[in-house]
Structure formats: C-alpha cells, structure tokens
2 protein chains.
Amino acid sequence: MGIDLAVSTVIFAIRPASDPAERGILSIPLVRRTREPFAGRWSLPGGAADEAEGLADTAARKLYETTQLAPAYLEQLYAFGDTDRSWSGRVVSVVYWALVRAELAEQAAEGENVRWFPADELPELAFDHNRIVEYALWRLRNKLEYSRIAQAFLGETFTLTQLRHVHEIVRQVSLDPANFRRQIESSPAVVATDEVVSGGRHRPPRLYRYDTTVQLADNGPLG
Amino acid sequence: MGIDLAVSTVIFAIRPASDPAERGILSIPLVRRTREPFAGRWSLPGGAADEAEGLADTAARKLYETTQLAPAYLEQLYAFGDTDRSWSGRVVSVVYWALVRAELAEQAAEGENVRWFPADELPELAFDHNRIVEYALWRLRNKLEYSRIAQAFLGETFTLTQLRHVHEIVRQVSLDPANFRRQIESSPAVVATDEVVSGGRHRPPRLYRYDTTVQLADNGPLG
C-alpha cells in the first residue's frame, strides 16, 4: 500500500480553429486511458514520479512524450492529495502547467490515444482532472494579466495584434484595439523593435518584444 | 527504496520582543532533530504523509502537535522534490505555510526541542529548509499586499495602528501613519465598525474589520 506519487501536466497551446477564418482556440492535449480505473476516459498526460528524476524534469519528459514538444513555460501548479481522488489506492499528484508555442502545437501529432481539446469544452475526464484543469485555467488567466507569460505563446517578437489575440483567446474577452495599444505602449514591459513584419505589405505592422524574455519557470526566489 | 512523501509547515506568528518597548517579531517555530541525518539541527515541523489523511489535514495536525495551536490561515506553498535534497533516500516534501494569531502564539509552549526563532535570523537548518522558509517569506510578504491575510494575525476587529504594525513587522518597513490611514480608508476591503477600544481612554481608537472574513485557505477555485 503506502502513497503513490504521480506527476501530471496541464499543457496549453493556442491551436487554429477548423475554420481558418475563425480565431485560434486555447487547447490542451489529453491522453486516453487504456487501463482501469477510468479505462477509455481522457486524462492529463503524466505518470509515476521517477526516483532518479526531479519533479519538473518528469513533467517536461511526459510533456515531450505526449506532444513531441518542449515547453516554452513550465510551472508547478499544486499537489493534489485528497484521500478519495483515486479508487485504486492513495495517489498524490504533483501537477505542473505548461505553455507551448502556437505554431509548434499545430505540428504536434495526434493519435488514437492523444488528442487536443478546447480547454473550455472538455469531456468528463478521469479522476479529478476536470477540477485540476479548472484550477490551471484560473492560474493561467490570472497570470496573463500580471506577468510576461503571453510571450510563451508568441515567440521572441510579435505584432500588437498577435499579442491582443492571445489575450482575447485566453481570457475569452474582446478588447478594443486602440485601447489595447495605448495600454501596452504605456507599459514598460513591452517595447517596440526597429523591425516590421516582412512580406512586402504597404504598411507592414511593427514588431514588438518583451523587455526581458520570459523565464522558463517563474516561481519567485525558487527561480 | 522508492520515494518518501513528507508534509512540512512554515508557521508564522508575530511574537512579542524580549524588550516590551520594542515592536513584535515575525517568528517561526522549529523542531530540533533527534535523529540522523542532521541530528541536532533545527527543522520545520512535519513528518511522513499519512495514507489515510489529506495533505492539509496532516499539515494542521503537525502544526497542532508542535505548537498546540490551530492555524488562522493555511495554504499549500510548494512541493519540493529535488533529487539531492536528502542524503538518506529520495524525499518529496509537500510544504504548507500557516499563520497563527499573535496573542495565542505568546502562550504557545516552547521546550528543549521546540523553539520560536525570528523568521529573518535563522540558524543553518536541516535539509533545504532555509530555502523553503525564504520562499514562504516571499509568498507571505507578497500576499500581505494584495489579500486579506493580515487579518489572520489580528482577529476579528483591530485598530488601524495594529494593522499598520502587522504590515511594518512582516514587510520590515516603516509606514507613515497618516498615509497608511488614508490608503486603508480608501480601500473597500477594510471597514470601520461602530466600536472603539474599551478601557476608558479619553479618545479611544476606533475598531475596524475586513469586509469579508479571511478564508482559512485561499487557493482560488480550489477553495
């Protein structure tokens, strides 16, 4: 018996809508369980903690095994340890949340047992994974407003329209473009570069960047 | 072998200084280790996770066993799981932080193997516990500025001077009383009551309260 320790990760990406005219969709990849309990249900990527590996390394490895991607951002979310969260013995799950880059997520393979779902329209998942995703969404939406993590969806440089779309898609709001521009331009965190979008448009939009690049993990003094 | 799961808690209280004319001191109780590794060193209260008990319940129970107090506030801090944090096998520690009320902490017993230390003047602790306390202090100081947790040090009603002293002691700053009063009175979170401090003073100070009482744990949608 004893307590089993698991590591799971809520992975977020902005994926294109099936209709190319529509905006992207905040999405998470799920893994179909092939064993009881909850055989056939979708669940968060993860597995048993590895005795020889740090918790964040296990989270990143499982993320790679599921999506063939490396995270642009990875942070511990919470350790879930209620006594009744699994029917087959006591399991404590240390859960991480991660952001991956949109254009890479487009290429990430799906298969019979791995599929991307809209983060706000999930089926009934195994264990307490719906509750875990809900908490991860809350953390992501809060953090988007007071940190630089939007960059993890975007890459090094981006247009203000691209940045606004990230906020609109993640926070599920519609933002006034002029207000958003004023707000960003008055913030010291985002700075204009000398570059514009290439491709020969008449008035190509300017590229911006964050003043400092986002940390891979942002855990205060734990760095 | 395998991975051992432990629960530890960083417990904060404001305790009186040895000189009664001095302000209180942000303090944490530590337990002296009686066994190797680190026999004789001071460490955070805690122990092995219990298979039949939720993690927060274990944290509260260990807190009670160490201090004979119930927490006014209890929140999960982080799961520490580096592979090299113990010399005797792999240990993952789910760490909580807690606040206990000042006047109760005054009465909390000390003994040969339990002692309260100033949070900013700790000896070299067992394991990675200095790093854990540093992170808990960072979380406490941040959270004091944007949440209602100061109340956990104070009780239901308090004077503005008492509230200012909590901020000064925890954040290690000196605040202008008139500015602090203006700032608090313009915040909707703290409201004046009809009561004043009893005891027959000529101009007894007014008592204030938070608009809503502080939650025992504040983990967003996890409740």
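**Note on a predicted two-chain model**

1. Confidence in chain A. The mean pLDDT of chain A is 88, and 93% of its residues reach 70 or more. This is a predicted model, so read the confidence values before the details. Where pLDDT is low, the predicted coordinates should not be read in detail.

2. Which elements of chain A have the lowest and the highest mean pLDDT? Helix α2 (residues 102-107) has the lowest, at 70. Strand β3 (residues 42-43) has the highest, at 96.

3. Confidence in the complex. The predictor gives an ipTM of 0.87 for the complex. The pTM is 0.89.

4. How the copies are related. The same surface serves both: 100% of the contact residues of chain A recur in chain B.

5. Strand β1 of chain A. This strand covers residues 3-15. Is it mostly covered or mostly open? It is mostly covered, with 10 of its 13 residues buried. Several strands pair with β1(A), and the next two points take them in turn.

6. The parallel partner. β1(A) and β6(A) run parallel, joined by 10 bridges. Within this pairing, A:F12 stands opposite A:L99 of β6(A).

7. The antiparallel partners. Strand β4 (residues 46-48) of chain A pairs with β1(A) in the antiparallel sense, over 3 bridges. Here A:V7 has A:G47 in β4(A) as its bridge partner. Strand β2 (residues 25-32) of chain A is also antiparallel to β1(A), again over 3 bridges. In that pairing, A:I14 stands opposite A:L26 of β2(A).

8. Strand β5 of chain A. How many of the 8 residues of β5 (residues 73-80) are buried? The count is 8 of the 8, so the strand is largely enclosed by the rest of the structure.

9. What β5 pairs with. β5(A) and β6(A), the latter spanning residues 90-99, are antiparallel and share 7 bridges. One pair to look for is A:L74, which stands opposite A:A98 in β6(A).

10. Putting the strands together. β6(A) pairs with β1(A) in the parallel sense and with β5(A) in the antiparallel sense. Then go to A:A98, opposite A:L74.

Technical notes: Residues numbered from 1 in each chain as written. Chains lettered and ligands numbered in written order. Predicted model: local features only at pLDDT ≥ 70, side-chain atom pairs only at ≥ 80, totals over all residues. Contact = placed C-beta atoms within 7 Å. Buried ≥ 20, exposed ≤ 12 C-beta atoms within 10 Å, placed from the backbone. Helix = DSSP H or I, 4+ residues; strand = E, 2+ residues; numbered from the N terminus. Pairing = 2+ DSSP bridges. pLDDT = per-residue confidence, 0-100.
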